[in-house]
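Subject: Structure handover

Hello,

Here is the structure I said I would pass on. Please have it open while you read the notes.

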Amino acid sequence: MKEKGADPYDLKQQENVLAESRMMIPDCRKRLESSLADLKEILAELEEAKQKEGPEVTEAESTVADIEKLFETSES
């Protein structure tokens, strides 16, 4: 937008949107980490109760693996 000579007001608005988005990332990550811990706890409880089978459990395990992989790449 800057290169195209956009209106300064529009630029300021877009900068504000960008700043707000950047502030949301840590909160979203914190909530995702909390939800991941909850999901792992539920899976552990299911394993203890020997009820760890079914498509939902498989999907939950896949989700845990995907999120952990995502966290690994973002920490690198």
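This is a predicted model: local features need pLDDT of at least 70, side-chain atom pairs count only at pLDDT 80 or more; totals for chains, interfaces and linings use all residues.

**Core**

The largest nonpolar core consists of 7 residues: Leu36, Leu43, Val57, Ala60, Val64, Ile67 and Phe71. Two or more of these residues come from each of H1 and H2. H2 is the main contributor, giving 5 residues to the core. For finding your way, H1 covers residues 8–48 and H2 covers 55–75.

**Salt bridges**

Side chains of opposite charge can pair when their charged atoms come close. In this model the count comes to 5 salt bridges, and three of them are described here.

One of them joins Arg31 and Asp27, with 3.2 Å from N to O. Both residues belong to helix H1, and they sit 4 residues apart, about one turn of the helix.

Which residues does Lys52 pair with? It forms a salt bridge with Glu47, where the closest N and O atoms are 3.1 Å apart. Lys52 also forms one with Glu61, and there the closest N and O atoms are 3.0 Å apart. Glu47, Lys52 and Glu61 are therefore linked in a network of salt bridges, given that a salt bridge is a Lys or Arg side-chain nitrogen within 4 Å of an Asp or Glu carboxyl oxygen. Lys52 is partly exposed, at 32% relative accessibility. Glu61 is partly exposed too, with a relative accessible area of 32%.

**A negative patch**

On the surface, Asp38, Glu41, Glu45 and Glu48 gather in a patch of negative charge. Glu41 is part of helix H1.

**Single positions**

Lys50 lies in the loop between H1 and H2. Its phi is positive, about 55 degrees, although Lys50 is not a glycine. With a relative accessible area of 73%, Lys50 is exposed.

Glu3 is found in the segment before H1. The relative accessible area of Glu3 is 83%, so this residue is exposed. How far apart in space are Glu3 and Asp27? From C-alpha to C-alpha the distance is 32 Å, and the two residues are 24 residues apart in sequence. Asp27 is the residue that meets Arg31 in a salt bridge.

To check these points in the viewer, the core residues, including Leu36 and Phe71, could be shown first.

Regards

Methods
Residues are numbered from 1 along each chain as its sequence is written. Side-chain values use heavy atoms; hydrogens and water are left out. Patches are made of residues with over 30% relative accessible area and no salt bridge: like charges are joined within 9 Å, nonpolar side chains (Val, Leu, Ile, Met, Phe, Trp, Tyr) within 5 Å. Accessible areas come from the Shrake-Rupley method with a 1.4 Å probe; for residues, only the protein chains shown count as cover. Lys and Arg count as positive and Asp and Glu as negative; His and the chain ends are not counted. The place of a charge is taken as NZ of Lys, CZ of Arg, CG of Asp or CD of Glu. Buried means under 20% relative accessible area, exposed over 50%, partly exposed in between (1.4 Å probe, protein chains only). A nonpolar core is a set of buried Ala, Val, Leu, Ile, Met, Phe, Trp, Tyr and Cys residues joined through side-chain atoms within 4.5 Å.
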